Amino acid sequence: MQECYENKMELKILSKSSNESFARVAVAAFASQLDLNIEDLADIKTAVSEAVTNCIIHAYDTAEGIITIEARLTNNSLEIEVSDRGKGIENIELAKEPLYTTKPDLERSGMGFTIMDSFMDELKVESIVGLGTKVSMKKIFV
Amino acid sequence: MDVNYDNNEKILTFKLTEEIDHHTTEIIRRRADYEIQRHIPRKAIFDFSSVSFMDSAGIGMIIGRYKLLSMLGGTLEIKNVSPSVERILKMSGILKIINIYSKEE
Ligand SMILES: Nc1ncnc2c1ncn2[C@@H]1O[C@H](COP(=O)(O)OP(=O)(O)OP(=O)(O)O)[C@@H](O)[C@H]1O
Ligand SMILES: [Mg+2]
């Protein structure tokens, strides 16, 4: 993926829910160097919010951990990687199914991955149980 | 979030004023459930006209309030959603059970 880019950023945040809005606004502000329309920026914010929230709720649960957000810009695309060193995902295919959630008690709806998938152009999830998860997303602008 | 209760009509209106994510739904949920249990309204309305952002946390929050209201014999309405919020609501399938109204009644 990451051969030639015009610009990149990296952000490390503590897994606190109060950082969710900071994370999505930071990535959107970085991406707006590309003069994007409001819809694209809204899609990016939503996808980042989903990925970061998953790290907080699922990866680290009640513990505190570090979430790393990387973003790379080319002249017509944005790549985002959100990674954690939390508990990992056992069955990635199942986790990506719409409405699948392991936390229904917390009023989660199981739509996070479905939203990331439809709001971005590419979605890749890599995970090792006990080590952590990396969600890579790409949006291509026309 | 601004809360208004119409005692004659028994309608409880929540005007959401914040971005809706995992962080803010914790706060919205607590306040909304308190007001719903206090008034036992015939109908509750979530007014989204000031909401600029919502992610999947909003879906769970709406379904949770819908369940509580149903249990207490009330209904839930959503109004004034932006296209991006509507897109997320559509994807979740909850529009099959909850109606959206775009105009003032
Ligand atoms: N970073 C992560 N670490 C560990 N498990 C994860 C992670 N991200 C997702 N999961 C697992 O994948 C499931 C599906 O995630 P998804 O975001 O689609 O739904 P959700 O978070 O449960 O609900 P919603 O996002 O709608 O509030 C989660 O319930 C969880 O079990
Ligand atoms: Mg999620």
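Biologist: What covers the buried residues of helix 4 of chain A?

Modeller: In this predicted model, the cover includes helix 2, helix 3 (92-96), strand 4 (122-128) and strand 5 (132-140) of chain A, together with helix 2 and helix 3 of chain B.

Biologist: What makes helix 4 of chain A largely enclosed by the rest of the structure?

Modeller: The helix spans residues 112-119, and six of its eight residues are buried, so it is largely enclosed. The buried residues are Gly112(A), Phe113(A), Thr114(A), Ile115(A), Met116(A) and Phe119(A).

Biologist: Why is helix 2 of chain A called mostly covered?

Modeller: Of its 22 residues, 17 are buried, and a residue is counted in that way when its relative accessible area is under 20%.

Biologist: Why is the pair Glu81(A) and Arg72(A) called a salt bridge?

Modeller: The rule asks for a side-chain nitrogen of Lys or Arg within 4 Å of a carboxyl oxygen of Asp or Glu. The closest N and O atoms of Glu81(A) and Arg72(A) are 3.0 Å apart, so the pair qualifies. Arg72(A) also forms a salt bridge with Glu70(A), with the closest N and O atoms 3.5 Å apart. Glu70(A), Arg72(A), Glu79(A), Glu81(A), Lys134(A) and Lys138(A) are linked in a network of salt bridges.

Biologist: Why does Arg72(A) count as buried, and why does Glu70(A) count as partly exposed?

Modeller: Buried means under 20% relative accessible area, exposed means over 50%, and partly exposed lies in between. Arg72(A) has 4% relative accessibility, and therefore counts as buried. Glu70(A) has 24%, and therefore counts as partly exposed.

Biologist: What are the closest N and O atom distance and the partner of Asp33(B) in its salt bridge with Arg65(B), and what does the pair tie together?

Modeller: The closest N and O atoms of Asp33(B) and Arg65(B) are 2.5 Å apart. Asp33(B) lies in helix 1 of chain B and Arg65(B) in helix 2 of chain B, so the pair ties together parts that are 32 residues apart in sequence. Asp33(B) counts as buried because its relative accessibility is 18%, and Arg65(B) counts as buried at 2%.

Biologist: How do you know that Asp21(B) is buried, and what does its side chain reach?

Modeller: At 2% relative accessibility, Asp21(B) falls under the 20% limit and therefore counts as buried. Its place is in the loop between strand 2 (11-15) and helix 1 of chain B. The side chain of Asp21(B) reaches the backbone nitrogen of His23(B) at 3.0 Å and that of Thr24(B) at 2.9 Å. Leaving aside residues up to four places away in sequence, Asp21(B) touches residues including Glu20(A), Ser21(A) and Arg24(A) from chain A, and Phe53(B) from chain B.

Biologist: Why does Gly93(B) count as partly exposed?

Modeller: Its relative accessible area is 22%, so Gly93(B) lies between the limits of 20% and 50%. Gly93(B) is found in the loop between helix 3 and strand 5 (99-101) of chain B.

Biologist: How many residues does the contact take from each chain, and what is the area buried between chain B and chain A?

Modeller: The contact takes 19 residues from chain B and 24 residues from chain A. The buried area is about 1,700 Å², of which carbon and sulfur atoms give 53%.

Biologist: What makes Arg29(B) and Glu107(A) a salt bridge, and how many salt bridges does the rule find across the interface?

Modeller: The closest N and O atoms of Arg29(B) and Glu107(A) are 2.8 Å apart, which is within 4 Å, so the pair meets the rule. Across the interface the rule finds five salt bridges. Helix 1 (22-39), helix 2 (56-71) and helix 3 (83-92) of chain B each supply at least two residues of the side that touches chain A. The largest share, seven residues, comes from helix 2 of chain B. By class, that side has seven nonpolar, six polar and six charged residues.

Definitions and conventions: Residues are numbered from 1 along each chain as its sequence is written. Chains are lettered from A and ligands numbered from 1 in the order in which they are written. This is a predicted model: local features need pLDDT of at least 70, side-chain atom pairs count only at pLDDT 80 or more; totals for chains, interfaces and linings use all residues. Side-chain values use heavy atoms; hydrogens and water are left out. Contact means heavy atoms within 4.5 Å. Buried area is the accessible area (1.4 Å probe) that two parts lose on being put together, summed over both. Helices (H or I, at least four residues) and strands (E, at least two) are DSSP runs, numbered from the N terminus. Ala, Val, Leu, Ile, Met, Phe, Trp, Tyr, Cys and Pro count as nonpolar, Asp, Glu, Lys and Arg as charged, and the others, Gly among them, as polar. Buried means under 20% relative accessible area, exposed over 50%, partly exposed in between (1.4 Å probe, protein chains only). A polar contact is a pair of N or O atoms within 3.5 Å; within protein, one must be able to donate a hydrogen and the other to accept it, and residues adjacent in sequence count only if both atoms are side-chain atoms.
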